[in-house]
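Colleague: I would like to go through the pockets of this model with you. Could you take me through them?

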Amino acid sequence: MVIKATNIKKHFGELEVLKDISLEITEGEVVCIIGPSGSGKSTLLRCLNRLEEIQAGTINILGNDLVKNKKIDKIRENIGMVFQHFNLFPHLTVTENMILAPVELKKMSKADAKVKAEELLDQVGLLDKKDVYPDTLSGGQKQRVAIARALEMNPKIMLFDEPTSALDPEMVGEVLKVMKDLASKGMTMVIVTHEMGFARDVADRVIFMDQGYILEDDTPENIFTNPTSDRCKEFLNKVI
Ligand code: ADP
Ligand code: MG
C-alpha cells in the first residue's frame, strides 16, 4: 500500500473538517477526489503530506507512519504536490525554480539537476521556456512548470489540488494532458478536481466527499452512472 489512512479526524478549533476518513491507495493508482466546496478535499490532501496535523487516526505513507515518524522531510521528498495557484518563485527562472529543491534538499549537483530539469521540461512541452521568468508564461504553462518542478524530486506519489481550477478554459486541456501522460507512466496520483470528464477517463477510482466524510469510493463507471448516495447524485446533477 502506498497510502493508507485509517479513521482520521481533523478539526480546526470547533470545526470538524475530516470526521472519519479511511482510504487506501495502491502503487500506480490514479484516484480523483470530487465533492462540493468545503467538504474537506484540500484538507485531506494536506494531511497526506502533513501540511496539516491530524487529531485522530493513522496515516501510513510508503510503509512509514506519517505522524510518528520524525523524518518528515524524507517522507515528503517522495510526495510531490501541485496546487491551484502554481506557487512558482517570481524572481527565479523556470530552471532555477526547478532545481532549487533537489539542490538544497537532496544535495544534487546543479549540473545534474539542470539536465533533469531539461528532460522534464521537454516532457511537459516547455523546453524552450527554461530560461524565462514565470511572469512571461501563461497560466497553463506555469502549471506545467509546477508539475515538472514537483517531478524533479523524483516523487513516488503526486498530489494535485484543483490544478486546473485557476486556468482559463483554453488552457485546461494542456495541463490535463500532462497529468494523463504521467498517469500512463504509472505514477501514483491523488487528484482533487472538478474536471469530471478527466476523472471518468483517467481515474482508476473516484472518491466523493461530503461534509468531512467519504460517501463513495468506487470505479468512475459506478460513480458516474450509478452513484449510491443521494448527495453524490445531487452533486453530479449540478456539475455535469
Ligand atoms: P474543500 O477543499 O473541499 O473545498 P477544505 O478542505 O478547503 O474544503 O475546507 C474544509 C473546511 O475546513 C471548510 O469549512 C474550511 O473553511 C475549513 N478550513 C480549511 N482550512 C482551514 C484553516 N486553516 N482554518 C480553519 N478552517 C479551515
Ligand atoms: Mg479545496
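Modeller: The helix α3 gives the most to the lining of the second largest pocket, with six residues. Helices here are DSSP runs of H or I with at least four residues, strands are runs of E with at least two, and both are numbered from the N terminus. This is a predicted model, in which local features need pLDDT of at least 70 and side-chain atom pairs count only at pLDDT 80 or more, while totals for chains, interfaces and linings use all residues. Residues are numbered from 1 along each chain as its sequence is written.

Colleague: Which residues line the second largest pocket?

Modeller: Among them are Leu-92, Thr-93, Ile-99, Lys-110 and Asp-131. A pocket is an open set of points on a 1 Å grid over the protein atoms alone, where a 1.4 Å probe fits, with protein on both sides within 12 Å along at least five of seven lines; lining residues have an atom within 4 Å of a point.

Colleague: How do the residues of that lining divide?

Modeller: The lining of the second largest pocket has four nonpolar, two polar and five charged residues. Asp, Glu, Lys and Arg count as charged, Ala, Val, Leu, Ile, Met, Phe, Trp, Tyr, Cys and Pro as nonpolar, and the others as polar.

Colleague: And how much space lies in the largest pocket?

Modeller: The largest pocket holds about 640 Å³. Of its 22 lining residues, Ile-79, Met-81, Ala-101, Leu-105 and Met-153 are the closest to its centre.

Colleague: Which element supplies the largest share of that lining?

Modeller: Again α3, with six residues of the lining of the largest pocket.

Note on methods
Chains lettered and ligands numbered in written order. Heavy atoms only, no water. Points joined across faces, edges and corners; volume = space filled by probe spheres on them.
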